Amino acid sequence: MKAIPRISHLFIMVLFTVLSFNSLAAPALYKVEKNGISSYLFGTVHVGDASMKGLPKKVTEAIDQSDEVIVEVDISKLTPLQMQQRSMPFMVLKDGKTLQTELSKQNYNKLKDYFAKKSIDIAMFNGLKPWAVMVTMMQIEFQNAGFSDQTGIDKQVLAYAKEQNIKIGELETLEQQLQMFDGMALLSNEMIEETLEQLADINIYFIKLVNAWKNGDMDTLTEYYNMSFDESNYGKISEQVMLVNRNDKWVEQLVPRLTNEKLFIAVGALHLPEQHGLIKQLKDEGFSVTRL
């Protein structure tokens, strides 16, 4: 198989891990069983296009059979204003720091050129942390490519659960997710270099990844995982902060509940594969995990 380009860890976070489907698509859905209790595990994508509107029947049926839907963060309970009010303290630089002081001269100039081509003055972002600026960049590119969080699977799962009056729970808070980004602050220059490179070819670094998810192609998703979270210092720290630490905490929360409750767990797709993924960890805890 042709090697897949390394994808930015920030891309992975925004797309698969923290914010209807094509009728021919078959996103991966798993049944989790132990002691006669059945739950479901679903790897999601956080943004979608028009073809992804509408949940597959097997997903809605699984939700209907569950006592509670569990997501990373229940963003449906927050208004846009509340979201902004809770997010901004984490996004703003303090102690006289600016975007320019946090980046190398070369990377700051690259960022300045990027925004200039879009007729945007980089001064608008001077008070924001580099990761917050990069999230904004990706939102711009996703929107230009026809993708929105409004058609992302997370929001659709939440909307369906509310329609069916099914209880909704969350694995972490918005503040915990934002603090995770701060854990990557020392890697800002590496992150922006990768992000700028990949924004230049959104088809290779984004569309193909989304298509792999649509088709439930876990082999390709796993290959993206391994290409991204490699043996470099950047790769190791990113994997630990974005995935391993969070997966371990989630499993600790979920294991006692899965033996007594029927849960539908919807989390970013790249939280599922590999040795630290939820599938292996649940199997290690004695659960039967079967793809449907």
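Buried means under 20% relative accessible area, exposed means over 50%, and partly exposed lies in between (1.4 Å probe, protein chains only). This is a predicted model: local features need pLDDT of at least 70, side-chain atom pairs count only at pLDDT 80 or more, and totals for chains, interfaces and linings use all residues. Residues are numbered from 1 along each chain as its sequence is written, and side-chain values use heavy atoms, with hydrogens and water left out.

**Stop 1: K118 and E141**

Select K118. At 30% relative accessibility, K118 is partly exposed. E141 sits in helix α6 and K118 in the loop between α5 and α6, so the bridge ties together parts 23 residues apart in sequence. A salt bridge here is a side-chain nitrogen of Lys or Arg within 4 Å of a carboxyl oxygen of Asp or Glu. Helices (H or I, at least four residues) and strands (E, at least two) are DSSP runs, numbered from the N terminus. By the salt-bridge rule, the count is 11.

**Stop 2: L128**

Stay in the loop between α5 (105-116) and α6 (130-144), and select L128. L128 is buried, at 14% relative accessible area. Which residues does L128 touch, leaving aside those up to four places away in sequence? Show M88, M91, V92, L93, L99 and V133. Contact means heavy atoms within 4.5 Å. V92 is 36 residues from L128 in sequence, yet the C-alpha atoms are 4.6 Å apart.

**Stop 3: R86 and E175**

Next, pick R86 and E175. Their side chains meet in a salt bridge of 2.8 Å, N to O. E175 belongs to helix α8 (residues 174-182) and R86 to helix α3 (residues 80-91), so this pair ties together parts 89 residues apart in sequence. Both are partly exposed: E175 at 23%, R86 at 30%.

**Stop 4: E68 and K167**

Move to E68 and K167, a salt bridge at 3.9 Å, N to O. E68 is in strand β3 (residues 68-71) and K167 in strand β4 (residues 167-170), 99 residues apart. Buried or exposed? E68 is buried at 5%, while K167 is exposed at 56%.

**Stop 5: a lining**

Finish with A28, G43, W213, G216, M218, L221, A269 and L272. These residues line the second largest cavity. By class, the lining has six nonpolar, two polar and no charged residues. Gly counts as polar, while Ala, Val, Leu, Ile, Met, Phe, Trp, Tyr, Cys and Pro count as nonpolar; Asp, Glu, Lys and Arg are charged, and the others polar. On a 1 Å grid over the protein atoms alone, a cavity is a set of points where a 1.4 Å probe fits but cannot get out, and lining residues have an atom within 4 Å of a point.

How values were computed:
1 Å grid on protein atoms, 1.4 Å probe; cavity = no way out; pocket = protein on both sides within 12 Å on 5 of 7 lines; lining within 4 Å.
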